[in-house]
Each structure stands twice: as structure tokens, then as C-alpha cells.
Amino acid sequence: MTSLSSLLKGGLLLPIIQAEQPQQAVAIAKAMQQGGVTAVEVVLRTSAALDCISAIRSEVPELLTGAGTILSAADARNAKAAGSQFLVSPASTPDLLKAMLATELALAPGVATPSEMAMAIEMGLTELKFFPAHLSGGVEMLKALSGIFQKVKFCPTGGVQLNNMAQFLALPNVFVVGGSWISPKDLVQQQNWAAITELALLSVQQAEQSRI
Ligand code: 3PG
């Protein structure tokens with residue numbers, strides 16, 4: 001199984017796309033890409049989400065595109081069939097992890113507690129989404145976990161914003177940060193793609209500076 005970090009090739013941002021129809025998703029994806037984003041997570045929270053993944057794969061093929069909010073075996077299978085290159089879940093259960101592993105795609109399953117982390121490690125998974133990052137203890141929690149789960153790298157999401165992403169990315173056990181801050185709902189509704197590109201540019205800049 002390929003790891004998500006190897007697919008990301010050093011990319012530090014994994015913004016979420018939540019879209020009501022495929023052309024909206026493509027517009028958001030293009031706006032993000034123009035701002036330097038190289039990977040996106042399309043969340044399965046709208047009825048069009050799978051079609052959005054397929055549309056981005058065909059119209060913005062250079063963008064690494066995965067599916068988020070995987071909550072069932074069917075979600076995992078459908079996301080793969082739609083063309084997802086990786087899968088992200090907000091939660092982990094043994095059955096969900098088995099179903100995600102069965103797709104043979106790169107994975108970042110969601111965890112928030114040491115026990116969930118231990119379960120994911122038992123199943124061979126060491127790149128995990130830390131969700132909801134801010135409410136689960138944020139940067140301090142990740143620091144506390146680093147000595148115990150030395151092989152785990154995290155993708156914090158949930159409450160990650162332009163003003164705190166650099167603190168997360170400065171941690172050695174964080175390989176990428178995710179969230180919705182680059183495509184806020186109001187900008188999407190206004191079709192303000194230029195503003196999304198601007199937020200992406202600022203975020204990419206901050207991300208790069210945080211790693212220096
Ligand atoms: C996720 O699916 O990772 C979260 O919804 C992201 O949370 P945010 O909206 O606080 O960025």
C-alpha cells in the first residue's frame with residue numbers, strides 16, 4: 001500500500017472540497033490549484049460528492065484527489081470506483097479500517113485518542129488523521145503523543161485555520177494539515193474563485209515558512 005505522505009510528495013496542505021455539483025467542485029479545485037495546492041480531499045457529505053471526485057480527476061488530473069468522510073465499507077468502495085487516489089475517515093473502527101485497507105489505496109484514518117491510535121497501529125497504519133484536532137487538544141496533545149507513538153505521523157484537521165496551521169506544521173509528527181478554511185462556504189456560494197486562490201496562496205506560503 002502506498003502511503004499518503006509519499007503521494008503528497010512534500011505537499012503540506014490537504015484542503016477539503018465540499019460541493020453540491022461537479023462543476024462547482026472543479027471550479028474550487030482549479031482555484032486551489034492556481035494558488036499552489038497540490039492535493040485535495042473531497043468530502044462525502046453531499047449527494048454529488050462521488051461525481052465531484054470523478055470530475056476533478058478528469059478535469060484537473062494533476063491534482064492529487066482523495067475522498068474524505070469515509071464512514072462505511074460502501075463509502076470506501078464507491079470512493080475508489082469514482083477515482084479517489086486516497087481515503088480519509090473521521091473515525092476508526094476495526095471493520096472500517098479493514099474495508100479501507102481492502103481498497104489498497106493510501107489511507108489516513110481518523111483518530112483522537114491513544115486507544116484508537118494503538119488500534120490503527122495494530123492494523124499497520126501509521127499515517128493518521130487527528131480529528132477534531134483543535135477540540136482534541138491541538139498542538140499540545142500532538143506534542144504529548146509524539147514520545148509514545150514515535151512512528152505515527154498525523155494530519156490534524158478540525159479547527160485548523162490560516163492563523164494556527166503553522167504551529168501544527170512545525171511539529172515533527174505532523175506531515176500535512178487539512179481543513180475547510182481555503183474554501184469557506186460564503187466564497188463558494190459567491191463563486192469567488194479568485195478569493196479561494198488568494199487563500200490558497202497565503203496558506204501555501206505559511207506552510208512553506210513553517211517548515212524552514
Ligand atoms: C474534516 O472533515 O476534516 C473537518 O470537517 C474539517 O474541519 P474544519 O471545517 O474545522 O476545517
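Me: Which residues of helix 2 meet helix 3, and which ones do they meet there?

Reply: Pro22, Ala25, Val26 and Ala29 in helix 2 meet Asp51, Cys52, Ala55, Ile56 and Glu59 in helix 3. Contact here is C-beta atoms, placed from the backbone, within 7 Å. By class, the contact has seven nonpolar, no polar and two charged residues. Nonpolar covers Ala, Val, Leu, Ile, Met, Phe, Trp, Tyr, Cys and Pro; charged is Asp, Glu, Lys and Arg; the others, Gly among them, are polar.

Me: What kind of model and numbering is this?

Reply: It's a predicted model, where local features need pLDDT of at least 70 and side-chain atom pairs count only at pLDDT 80 or more, while totals for chains, interfaces and linings use all residues. Residues are numbered from 1 along each chain as its sequence is written. Helices (H or I, at least four residues) and strands (E, at least two) are DSSP runs, numbered from the N terminus.

Me: At what angle do helix 2 and helix 3 pack?

Reply: About 50°, with the axes 8 Å apart. That makes helix 2 oblique to helix 3. Oblique is whatever is left after under 35 degrees (roughly parallel), over 145 (roughly antiparallel) and 65 to 115 (roughly perpendicular). The axes are lines fitted to C-alpha atoms over the stretch in contact, and angles run from 0 to 180 degrees between N-to-C directions.

Me: New topic: which residues of helix 4 are buried?

Reply: Asp75, Ala76, Ala79 and Lys80, in a helix that runs over residues 73-81. Buried means 20 or more other C-beta atoms within 10 Å of a residue's own, exposed means 12 or fewer, and partly exposed is in between.

Me: Why are those on the same side of helix 4?

Reply: Because they cover an arc of only 130° around the axis, taken from the directions from the helix axis to the C-beta atoms. The face turned away from that buried side carries the exposed Ala74 and Ala81.

Me: What do the buried ones pack against?

Reply: Helix 3 (49-59), strand 3 (64-68), strand 4 (86-88) and helix 5 (94-102). Just after helix 4, Gly83 takes a positive phi of about 110°.

Me: And is Leu8 buried or exposed?

Reply: Leu8, in helix 1, is buried because it has 20 other C-beta atoms within 10 Å. Leaving aside neighbours within four places in sequence, Leu8 is in contact with Ala39, Leu64 and Val176.

Me: Where's Lys151?

Reply: In the loop between helix 7 (138-146) and strand 8 (153-156). Lys151 is exposed, with 8 other C-beta atoms within 10 Å.

Key
Two residues are in contact if their C-beta atoms, placed from the backbone, lie within 7 Å.
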